Amino acid sequence: MAVNDGAVMQAWAKNQKTGLSMLSFMGDPNSKLTKALDLELTAEGPIEVLGPGRCKRFAMHVVNGVIKAVNVSESPDDPTGDSDPSASLADGILATMK
């Protein structure tokens with residue numbers, strides 16, 4: 001899920017060749033789900049560069065509509081998780097499924 005419209009998400013999924021995988025790319029163009037999950041990026045520095053209404057870097061494990069885990073890559077010195085995105089990478093979310 002990302003704060004983009006469906007067309008952007010569809011193009012991103014196609015670019016990543018996820019057609020026959022179990023991954024779902026979903027858009028949240030008005031940030032409603034992002035805000036409801038408390039995943040809105042509100043750090044001042046990144047907002048100055050990226051603009052408002054962005055989503056934190058995260059991975060979510062969902063089973064039958066139930067959220068089992070949410071991993072957010074962020075720290076006080078790195079609110080976007082650029083320096084250490086490991087929590088939201090595949091290995092990070094897979095570790096929560098054990």
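Visitor: Where is the place of Asp38?

Guide: Asp38 sits in the loop between α2 and β1 (40-41). Helices (H or I, at least four residues) and strands (E, at least two) are DSSP runs, numbered from the N terminus. This is a predicted model, where local features need pLDDT of at least 70, side-chain atom pairs count only at pLDDT 80 or more, and totals for chains, interfaces and linings use all residues. Residues are numbered from 1 along each chain as its sequence is written, and side-chain values use heavy atoms, with hydrogens and water left out.

Visitor: Why is Asp38 called exposed?

Guide: Buried means under 20% relative accessible area, exposed over 50%, and partly exposed in between (1.4 Å probe, protein chains only). Asp38 has 61%, so Asp38 is exposed.

Visitor: What makes Lys17 exposed?

Guide: Its relative accessibility is 74%, so Lys17 counts as exposed too. Lys17 lies in the loop between α1 and α2.

Visitor: Why is the pair of Trp12 and Phe25 called edge-to-face?

Guide: Rings of Phe, Tyr and Trp (its six-membered ring) pair if their centres lie within 6.5 Å; planes under 30 degrees apart count as stacked, over 60 as edge-to-face and the rest as tilted. By this rule there is one aromatic pair. The ring centres of Trp12 and Phe25 are 5.2 Å apart and their planes stand at 85°, so the pair is edge-to-face.

Visitor: What makes Trp12 partly exposed?

Guide: Trp12 has 41% relative accessibility, so Trp12 counts as partly exposed.
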